[in-house]
Amino acid sequence: GLTSLPERLGECIALQMLCLSRCTGLTSLPERLGECIALQMLNLYQCTGLLSLPDLSNVSKGLNVVDLPDKLKPWETNGRKSFTVSS
């Protein structure tokens, strides 16, 4: 039933792993997630409701994004810059 995450999540600069598996109600992730510079793994398994992703280009270069929804693949190929699915 999770539909959003707080922007303050960006204050967790030592956060290394974020598992959002099966959070189908999420449509976006907080813009400040890009401040979690130690993030190494982001699990988006079955996050089918996601329509946008924040700029994570400054996060660890070793960031492993697990099960990125197909409609969001351009986000990864464009350097993990902010991306929103066009309607």
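The model is predicted, so to speak of local features a pLDDT of at least 70 is needed, side-chain atom pairs count only at pLDDT 80 or more, and totals for chains, interfaces and linings use all residues. Residues are numbered from 1 along each chain as its sequence is written, and side-chain values use heavy atoms, with hydrogens and water left out.

Four salt bridges turn up (a side-chain nitrogen of Lys or Arg within 4 Å of a carboxyl oxygen of Asp or Glu). Arg8, Glu11, Arg32 and Glu35 are joined in a network of them. Within it, Arg8 pairs with Glu11 at 3.1 Å between the closest N and O atoms, and Arg32 reaches Glu11 at 3.5 Å. Arg32 sits in the loop between E1 and E2 and Glu11 in the segment before E1, so this pair ties together parts that are 21 residues apart in sequence (strands, E, are DSSP runs of at least two residues and helices, H or I, of at least four, numbered from the N terminus). Arg8 is exposed at 58% relative accessible area, while Glu11 is partly exposed at 41% (buried is under 20%, exposed over 50%, partly exposed in between; 1.4 Å probe, protein chains only).

Another bridge links Glu76 and Arg80, N to O, at 2.9 Å. Glu76 is partly exposed at 30%, whereas Arg80 is buried at 14%. Arg80 lies in the loop between helix H1 (73-77) and strand E5 (83-84), and has a positive phi near 65 degrees.

Most residues other than glycine have a negative phi. Arg22 also has a positive one, about 65 degrees; this exposed residue (55%) belongs to the loop between strands E1 (17-19) and E2 (41-43).
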